Amino acid sequence: MIKSVMVMNTQGKPRLAKFYDFQPVEKQQELIRSVFGVLCGRADNVSNFVEADSIFGPGTRLVYKHFATLYFVFIFDSSENELAMLDLIQVFVETLDKCFKNVCELDIVYNYSKLHTILDEIIFGGQVLETSSIEVIKAVEEISKCSPSLSPSTCLSFFGPSTRPLLLCYN
Amino acid sequence: MALSGMRGLSVFISDIRNCPNKEQERLRVDKELGNIRTRFKNEKGLSPYEKKKYVWKMLYIYMLGYDVDFGHMEAVSLISAPKYPEKQVGYIVTSCLLNENHDFLRLAINTVRNDIIGRNETFQCLALTMVGNIGGREFAESLAPDVQKLIISSSCRPLVRKKAALCLLRLYRKNPDVVNVDGWADRMAQLLDERDLGVLTSSMSLLVALVSNNHEAYWSCLPKCVKILERLARNQDVPQEYTYYGIPSPWLQVKTMRALQYFPTVEDPNTRRSLFEVLQRILMGTDVVKNVNKNNASHAVLFEALALVMHLDAEKEMMSQCIALLGKFIAVREPNIRYLGLENMTRMLMVTDVHDIIKRHQAQIITSLKDPDISIRRRALDLLYGMCDVSNAKDIVEELLQYLSTADFAMREELSLKAAILAEKFAPDLSWYVDVILQLIDKAGDFVSDDIWFRVVQFVTNNEDLQPYAAAKAREYLDKPAIHETMVKVSAYLLGEYSHLLARRPGCSPKEIFSIIHEKLPTVSMSTVAILLSTYAKILMHTQPADPELQNQIWTIFNKYESCIEVEIQQRAVEYFALSRKGVALMDILAEMPKFPERQSSLIKKAEDVEVDTAEQSAIKLRAQQQQTSTALVVADQSSANGTSPVNQLGLVKVPSMSSSVDHNSTDPGMAQPNGTLTKVDPQPQPPSPSPSPDLLGDLLGPLAIEGPPVAGESEQNVVSGLEGVAAVDAAAIVPVTVQTNAVEPIGNIAERFHALCLKDSGVLYEDPYVQIGIKAEWRGHHGRLVLFLGNKNTSPLFSVQALILPPSHLKMELSLVPETIPPRAQVQCPLEVMNLRPSRDVAVLDFSYKFNTNMVNVKLRLPAVLNKFLQPITVSAEEFFPQWRSLSGPPLKLQEVVRGVRPMPLLEMANLFNSCHLIVCPGLDPNPNNLVASTTFYSESTRAMLCLTRIETDPADRTQLRMTVASGDPTLTFELKEFIKEQLVSIPTAPRPPAPAPAAPSNDPGAMLAGLL
């Protein structure tokens, strides 16, 4: 089971924090801080796995991927396959990219509600719901039709690192 | 700035982003929260759009780390909004802000159900998503049938069905009973025929959850899983959108293989053959390629296939093929693959007998210890630890020691513990072991626990050949300029005992030894000073004939510490000073330490404890536990198999006492005599190790044997056979009901434990070789909360765990869900809520059972939710007491009885007994010093808080009888309390209890009951 999904920027600011088993708000912040503490010290050419037992308890695993100014972090237990989780992060980001056209941190900040909607179409109660980004986008578009406010908003500020496209920088 | 559907939200986010610091951010957030709060107060003026906007803001604020403790109702109420946008926000925010136990959620159940059974698919999806994220037991019970219908409905789109499948998984986790195995197993198998890969992925997750609890029921799914795997591996009928970097849905492949690992084996030969064909194809067909994402995906499948192969006990040939693959992986450039290669090799160690093949890769694994990635270094350490045996221990431990100097701070503790354990388990010879531990202390003293140096001392003490070597080594380390305090301790100890064996070597005269040790004294802590003083005394003793200069130096030190504030040091200084003036007589007392008894290494024990995981339902782990070969268990096995395993090399070697005195004869003739009388030596200087307590059980049972009347056991049996109803249950609790079939003997006396818990609020209720049940209780008025701590003491899981509460009619008790399986060495906590309805002495019983191996163990235990737990001490003055006492004039509110057969005890002890039952003795109220007056408040739902008064008149001439008067405003309470006090006085704990009144008529006629009793 996936226990938590976190998106935070390279300064440690949370951009999305979803916990599939309930955590009080102070605990959530503490966990986000601890995760950032570990991630910010890691170089770019190392593995995507981090020992997380001391943060989340024994048997927990953490995979993360670093895209431009953001870290995408999945925390899960041993019933999931680590590399498959890593693939799922990729699906998440690729889906965002398709929705926002060259997605960057700022898109994610301002389309906070949309981010939730997309994630809910990929992970459901801590389980993998959908792995095809095409299917995810179909579902999200259907929702957007019902809910006009969810049409993507574009960033109008062109400067600063938070407009760096996530995927271009990664590849 | 950004455009958003909700302008207000975007503006707010911009504001937050523009805050220069955290302080400003907080101000902005507080302002916004204040604004939302006021807007919510006059709800009428809010349009659904505004509500939606505010609720999103709240969620954003919540994510930033601010507590949002209002607006929950608004979020929940949005769920019932008729329009999609508001409804959506309601669902999303509710599932983020609220947890499953939130009261508001209950209010929403009906709306949620209507959305689920309604025709609107988008509403269905929203409702399913929320329930799937935060649905609790109540949701499970009221929604499971509807959700099941959706999964198998032919009219629903895949979009809804896949969500329904995962929603059912959540509900099943909350209450397994909502999935009826008989009916659902066939449906589950049908679901696996699904063509849509989205629905199939969700269904497979559901299947994994179901089979992990009960694979028996789902055998029919096994061949279908293999079919799915074949379909994917051959890339048949896989739509483009489910092909990820050229790989047919890696997630579904992985999940399917995971599901297969929960079935103990694949019996059908055809299915087995097909499965192995697929696995072979995966193992052989995966290459490391340039594209990172493709690599990750293909290796996700590959590593899962490896796990499945391990699980299926494939032929040796396939196993070596797997290890060859892993060997390739741990050397590739891709760090993720290296990481998983090492991890899977470690798993391989647990499951199969492939040590030798893995050892071929030792050099590469050691290289991985220097990997730039700490995650990989840790995996390498684990693997080296797991693969170490006598043949490679020297190489591996020396590598670890070398690595220690450069290792990350975060890894040093684990590294040194592992090195110490390996050195102890697999040492080819003892001097090497001493070398390793001394190096360890030297390089990482901070991380070397006391256990480690105690152990070295034990080995050296018990092995005469080792003593000169160890002393010489210790002497060498003292020459180093700055040494760790632990090194000071161990070298001082060793040199105190054995430096005389080095006397002829250069730099090892008593004087030189003394001065080099004494140099360290100013820098060490008090506990080390104590060891140094002993060392000085021993050096003095060994210097025969005495060297006056050395003697004076040491005496000065003793004198100085005679006024030390630390008692331990002061004592030593005074004693050593006095002793060393006695000359030769000193030798009797300060002779060499006796040999240590053989015992299990505390270090290895510690390692076992450290390594046992709190397991979850992981296939690999379950498997490992079944096979009893996890690394943790390997350690245990080897240490218990002391007779044959290589561990024995380090076993404490027994040296015949004759040879020891001969040895000493040659060094120092004066020593022979004291050594010969070693056994008579006062063991006052304690060896620095915890003493074993094999008599623990005896200690526990001891007082019982003394206190209880000689025929206690027998009379208890009589009571059992003679009683029915509550009393029978009660008596049954004294001994496990089915002693013969249980074949499990409880540790300690169950009745004793129960009685102890009646007077205190935490402790052990029951213990046997497998299980320990602890209790912690809190009482407030007529409410109580007990927490049962169910602990599995073993290295394998306990199954079919069941705990039923049989409450007496006066207690309302609610036990939270008790898991069916307790993982190895894990403890689960089960809260039990108690409410006291009315006064009664009846006792609640816990019917506890579990399965270990094939044994079903069942015990019935009395729970200490007894009458006195609902008493709260209250002291009353004479002015309050007497009017009350007089107003409660006679039966049934005030009862008097002469009690005989009282356990004789001094009045003070009786007062203490009363106090411990929360009946507070009020001294001075009764003019007669032989009498006691006590008061308390009793709490129950029917009586509320009620004052109770008691008077005991004792006869100083005959302590076995007394007259007792109890008064309260409730007749039942008076009677019950009187009986309760009598029970306390007559005998604790083993005398036959007076039969309790039948629960049906506890208090109708106390007088008659009493007559019956007597």
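Good morning, colleagues. Please bear in mind throughout that the model is predicted.

I begin with the interface as a whole. Chain A brings 71 residues into contact with 82 residues of chain B. The size of an interface is often given as the accessible area lost when the parts come together. Here, the area buried between chain A and chain B is about 6500 Å², and carbon and sulfur atoms give 54% of that area. Of the area that chain A buries against chain B, 12% is supplied by Tyr110(A), Tyr112(A) and Phe124(A), more than by any other three residues.

The rule finds seven salt bridges across the interface of chain A and chain B. In one salt bridge, the side chain of Arg61(A) meets that of Glu343(B), at 3.6 Å from N to O.

Which helix gives the most to the side of chain A that touches chain B? It is helix α3 of chain A, residues 82-100, with nine residues. That side of chain A divides into 31 nonpolar, 24 polar and 16 charged residues.

Finally, I turn to one helix pair. Helix α5 of chain A, residues 112-122, packs against helix α3 of chain B, residues 48-64, at an angle of about 80 degrees, and their axes are 10 Å apart. The angle therefore makes α5(A) roughly perpendicular to α3(B). From α5(A), the contact involves Tyr112(A), Ser113(A) and His116(A); from α3(B), Trp56(B), Leu59(B), Tyr60(B) and Met63(B). Five residues of this contact are nonpolar, two are polar and none is charged.

Conventions. Residues numbered from 1 in each chain as written. Chains lettered and ligands numbered in written order. Predicted model: local features only at pLDDT ≥ 70, side-chain atom pairs only at ≥ 80, totals over all residues. Heavy atoms only, no water. Axes fitted to C-alpha atoms, helices over the stretch in contact; angles between N-to-C directions. Helix = DSSP H or I, 4+ residues; strand = E, 2+ residues; numbered from the N terminus. Parallel < 35°, antiparallel > 145°, perpendicular 65-115°, else oblique. Contact = heavy atoms within 4.5 Å. Nonpolar A, V, L, I, M, F, W, Y, C, P; charged D, E, K, R; others polar. Buried area = accessible area lost by both parts, 1.4 Å probe. Salt bridge = Lys/Arg side-chain N within 4 Å of Asp/Glu carboxyl O.
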